[in-house]
Amino acid sequence: MIAPWTTQILPPAVVLVSTLAAIVIFVAGEQRQRLRIWVNLAAAMLKLVLVVWIGLEVLAGEEFLFRFELLPGLELILHADALSILFASLSAVLWLVTTVYAIAYLEHSPNRARFFGFFSLCVSATMGIAMAGNLLTLFIFYELLTLTTWPLVVHNGTPEALAAGRSYLRYTLTGGVVLLTALAWLYGLAGNAVFTPGGFLAPLAGEHGAELRLIFILLIAGFGVKAGLVPLHGWLPKAMVAPAPVSALLHAVAVVKAGAFGIIRTVEDVYGLDLVAQLGMRLPLIAVACWTIIIGSLLALREHHLKRRLAYSTVSQVSYIVLGIAVGGLLATSGGMVHLVHQGLMKITLFFCAGIFGLLLGVSKIDQLDGLGRRMPWVSGAFTAAALGMIGLPPLVGFISKWYLASGALAAGMPLVLAVLITSALLNAAYFLPLIRRLWLNPPGTLAEAPIEIGRLPRLALMFSAVATAALVVVLGVLAAHPLSPLNWVVKIAQGYAP
Amino acid sequence: MSALVINLLPVLAPLIVASLLAFRGRPRTFGIAAAPWMPLLLVGPLLLASRAEMTIVLLNLRLGADAVASPLIVLCAVAWGLAGWFAANRIHRDRILFWSGWLVSLAGISLALLAQDIAGFYAGYAMLSLASWLLIIHARSQEAWRAGRIYLVLALAGEMAAFAGLIAIVAAVGNIALAELANAVQLEPAWRWLILAGFAVKMGVVPLHVWLPLAHPVAPVPASAILSGVIVKAGLLGWLRLVPPGSEGADAVGPILLALGIVTAFAGVLIGLTQRRVKVVLAYSTISQMGLVLMAYSAMLMAPDRAAALLPWLGVMVLHHGLNKASLFLACSCAPGRSRLRGLLVAIPVLAISAAPLTTGMLAKTGLKTALAEAGVAHGWTMALSLTSTATALLLWHFWRLVRSERGYKTAHPAWVAMVLAGLFVPWVWVLAHGLDPHLLSGLWPATWPLGLAGALVWLKGGLAPRWRPGLPAGDMVVWMEGAARLAGKGLARLARAGAAPMPNLYPVHVRMTRTLLWMERKITALPVAGLLILGLGGLLWLVARWS
Amino acid sequence: MKAYDTLMLALVFIPLGTALIAVMLPPTRRRWAVLLGGLAWPCVLVPLSLAIAREQTLTLVFGGWSPPLGIGWRLDALGLVVLWVHALVGIAALPGAWQRFEPEKPESGPFWSLWLILATGVNLATLAADLFNLYVALELTTLAAVALIATDDGIAALSAAMRYLLLAVLGSLMYVLGVGLVYAQTGSLAMHQPGVVELNNVALVLMLTGLMVKAAIFPLHVWLPHAYSNAPGPVAAIMSAVVGKVALVALWRIWFETAVDPPMLLANLLGLIGAGAIVYGAVAAYLQPRLKMVIAYSSISQFGFLLLLLPLACQQAFQGAGFHLLAHGLAKASMFLAAANIVTVLGSDSIRHLPGLDKRMPLEAFTLALAGITLIGLPPSGGFTGKWMLLSAAWEVQGWFWMVLIVLSGLMSAAYIFRILALTCFHPARRAVHHLHARPPKITSFAALLLALLAVVIGLYPHPVLDLLGSGVPGAGP
């Protein structure tokens, strides 16, 4: 048992750890590199410790709640339930790994203080989203996430980066505006209500059905921009001009998962899946998710630029989460939620590897991958493991998510969803297997540029990050039935929503 | 604990050895040396025959050798082991590629053989399919890539279809033990067909067989041996595990499968006769023989209460074909025409597969006939079955003539010899161990007359004169499939190009807007205009106030 | 009551007194007068705030004769908010003005007098309880502002000042004409007694139009961009924070407290004009090639918000508009102060010179970013609070158009803010820019930063202000 004041102070503490780190980094300036590295790593580890601590307490049944009144009738609420801890722990772990990666990757880049400052702020915002206890708090941190990730997207300062940043802002700010409208409307209808498993809007369904429907569409659209639902995904591939740690973080942890998380909270904790079905919104949501899954994969097939192909793959895969939630039932909900973790791990590994290839060998296109297995076996191995996981090869984590999603779809009586999942798996194979083949089985091509030399420690750090996440991809799949695996945690969460 | 280790070892050891190959120097040498011995680890679980459950692995993994898998385990241990021995000194190029594919396939098939739950079985099967691709594309020539591509497409499609079907089971009852599957679940026919079709790809049932004739010529000889000998039978295992005889509604599909089996049996031979390449002919022979296995399986489906008794006969068929076909493949690179001994070493399996009297082939045929009789199949089928023997004999005669002109190594590899001997004796040992009645005497005439007919046909046709041989490409229907795929690809590409219209260039709009705005500002900044605006607005407000 | 009377008198007479003294004192002693004038009267606000929190309004009557006969002053919650904005911005602008126009220099005398007269005028306008008093205060403010604009060097400043003068005088004329009509009709000029003064439409319209010119509402805004961008930084800060605002506050008072049941159609029309201002200002701000012009057009856009109070009349709208006034005043002033520093260092505020600013002048860049957050209305800043209250008000009166407008305005503001931020922080610096002047003292940068921070922080803790505003709703709405 812990003291009551700790339950109040821990959630904001988790959010503020990286804010403080950011302030220190900004104030310290560009020159203090050692300090910056230490602050980054210390903050990341501290955050992980805090999240684990909260997680263990939540497991033991402790409740965490922090309230702050912003305006009369508007409260900022931070809490820690099992779903928060799932997202928060994913973010914390991956932030730590990405920090190590980014420190090594940006060894010779300018503007590192700015980068790491906004990087830390971005994680603060993500933690805020994870710990949000009501829609307002989620929205506030969601907008803060937009603000803090934009500088990361345009970090390189090239015309492409700035254009990508403009596109990113256009999409995400419009999404934010849509969310604000929905939020204000919802507050007008239902007042300041906190996230409740099963939703709190059921009493209003009688007279305000049409309005609830419209609000739902607005909420899904607002969150869908970041989650990359087609056709709101246009910013994702363009944002690939950002440095690799940014792509890794954005696509595995922060932005797209925040969008998906927002949709999970909306469907499960604001509306409740039963109300969603009652309003007739469940099938359209499933349809949108399926559509995104297929289109995302089809678009990925066309791409010859490596990171863009991975971006479209993200678009497709994140909709698995939405699909799982929308189909409902214990199996599908578990599958969708666990894919939050699994896809994060696999995608971050892929981006890490793509980043290493890009940095050290100047590889940006698919056909430059020829023969890299010989040059960089560990990184190629990590890439292969993650790619095979994405295809759904057992016993990797991707297979576990697919298993649960597919059985959940059939348990809910939706064989068409199963068809979509299978088509998607085949398409995934179609655009990932050629990459693996190129890595290992094609004779090495000539490099576009001479390989860059970086120090031994940064090189090790880069490889360690990629290999560590790849190892997690394998281990969490093989040991999926372990009581402490994400799968079991997710099943517990799903049991709370869909007994 | 020990059960756990013994059951897990055949799966993990090949993977560990395969990872050793990544490191240059000692580990690699050790890995290549150890690789051929790996299949022997399968003997352990076979002898132990006990279950191990690992609640933290995968989705609660269960391992153990049972009666259904035991013939395949024996086959795998023997054939894979001997082929590995063969490969150890006959493979010199791209050794890491070969051995990694070899070992991971072995791990996959071991897992599939030993798995006692659905997820574990599927995991092994998927691993096997993917790793076999590495063996097929080993040569890395144009032809090998094409064969690999077609194999992969079909294998993945089949795997996905099977996955769909087995997920239907899982959705109903979860990841149950395979032993309880028969009674636990009622599948709708659609799902059952998906499972059957999915695993049928591996077996080479027409029309999903097209990858076999393409894959065999390009794979290295030992790889072809285990491909035809062991790997295709994984499909059978899939059928037996997931659509077991006795499951609800399974008997309804029996007759259809029976018909499919006989069609496959004949089709394989007929197309095989048109081919000129040795390994392609053997591939078609495999297809044909798998049709017979399909018939046995369908018989088991149609007589579920006798299924347990028929299982050993199925085992005979599997062992017989696997070992003999493997030795025929090994023969392809050993220049059998060179010496009498080698000729003999080829003749024995040829006769066996043709189901000559007193050979293991006769045993297999007997088993099949027993099964059909138990299933209450009409007598006409048995007649058709005998005709397949004729057809097979013709095909193998064709093979015999082609293989004798093959060139290869100067010596007969001991592994090849061992394989032939195994093919000769192991099925008999199996029959005796299971106390089956080989119907030696009663089976003699039914085994002889089809061969006699074949011989007559050969003599009549004068050794299959080239006139009537149409020029079918290996893989026959695959050419149409490829054409269709190409058209679809073009269509998709056109759609994609249409959908990816470039964004309009907004910069001139921006410039124009700026100019317009600045012009407007300049105009209204002029005092007279400003004054007029003020008065005008005031007037407007007054009008509105007046009016309301 | 007596104590508060003195305090209210101090609000006007301290700056007025020190303005006169500043002219009369020799240059070496001038600084004391300036300091007294600049820093003394804000101190008075603290006890006044406590008083207002208790009593909602404070009135001061001259000569014992209460209105409508005599002249009176009245301080309510809204006025208090305006005064606070004035005080904070005045204090923050002081270092910058001090550095530019050192009191020791002989030629700075007029500047400081004008500065203090402007302060007097603004305070007087806030306190005025009758229409004529208001007119006097507004005239004082305008004249002082015109002169202050002209203190900058160059023909551009002079012509901007001239234009402002002419248009403002025209506005004043219209206003005073309206006042005259009111007096002729009703014999009374008291502002805060609804129903006593019957306004016919002509008078109302005249006064409204006059005030709209002064407040630079589109399309009568033409003097503002050039005036703000050519004025010295501190002057622009004060003007954007309070000078336009007092005219708008006066407009509100006349509408809600003086006019009897103004027609809803007129209110909607005025709201539409406000909408037009928002859109036009935002679009124009996006297209400007100079930083100070961007900020100026941004002001035009944000003033439009304040007109939305008229169609949305209810308590939440009042709280929202008042809060927006506060937040925007602080944010805009900080932007002008930062821009002034930028001009000092770079010599020009052309956006071509902005790239690389985040390295040269990180404090200014950060100030611009923070102020931008408030202007866009991103949570949890003060701008968000104001917008949210206005949104709730729109929801209350079921005004969908206004809801959509408020929500979209955030997007439009984001466009020009992010353009500036992108140029400042993320474009590669294109060429070496020479430092033309000495670096401005750090205190000016910090002052600007503090204002911007304050604008964001009040969003986190808005209760005191909101409660204050909520209690002092000027007799309007349901």
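A residue is called buried here when its relative accessible area is under 20%, exposed when over 50% and partly exposed in between (1.4 Å probe, protein chains only). Helices (H or I, at least four residues) and strands (E, at least two) are DSSP runs numbered from the N terminus. The model is predicted, and local features need pLDDT of at least 70, while side-chain atom pairs count only at pLDDT 80 or more. Residues are numbered from 1 along each chain as its sequence is written, and side-chain values use heavy atoms, with hydrogens and water left out.

**Strand S2 of chain A**

In a regular strand the side chains alternate between the two faces of the sheet. Both faces of S2(A) are covered, with Leu74(A), Leu76(A) and Leu78(A) buried on one side and Glu75(A), Ile77(A) and His79(A) buried on the other. Because six of the six residues of S2(A), residues 74–79, are buried, the strand is largely enclosed by the rest of the structure. Strand S1(A), residues 65–71, runs antiparallel to S2(A) and is joined to it by six bridges, pairing being assigned if DSSP finds at least two bridges between two strands. Phe66(A) has Leu78(A) as its bridge partner, and in the two-residue turn of this hairpin Gly73(A) has a positive phi of about 90°.

**Salt bridges**

| Pair | N to O distance |
|---|---|
| Arg67(A) and Glu75(A) | 3.0 Å |
| Asp370(A) and Arg438(A) | 3.0 Å |
| Asp76(C) and Arg74(C) | 3.6 Å |

Arg67(A) is partly exposed at 42% relative accessibility, whereas Glu75(A) is buried at 18%.

Note on methods
Chains are lettered from A and ligands numbered from 1 in the order in which they are written. A salt bridge is a side-chain nitrogen of Lys or Arg within 4 Å of a carboxyl oxygen of Asp or Glu.
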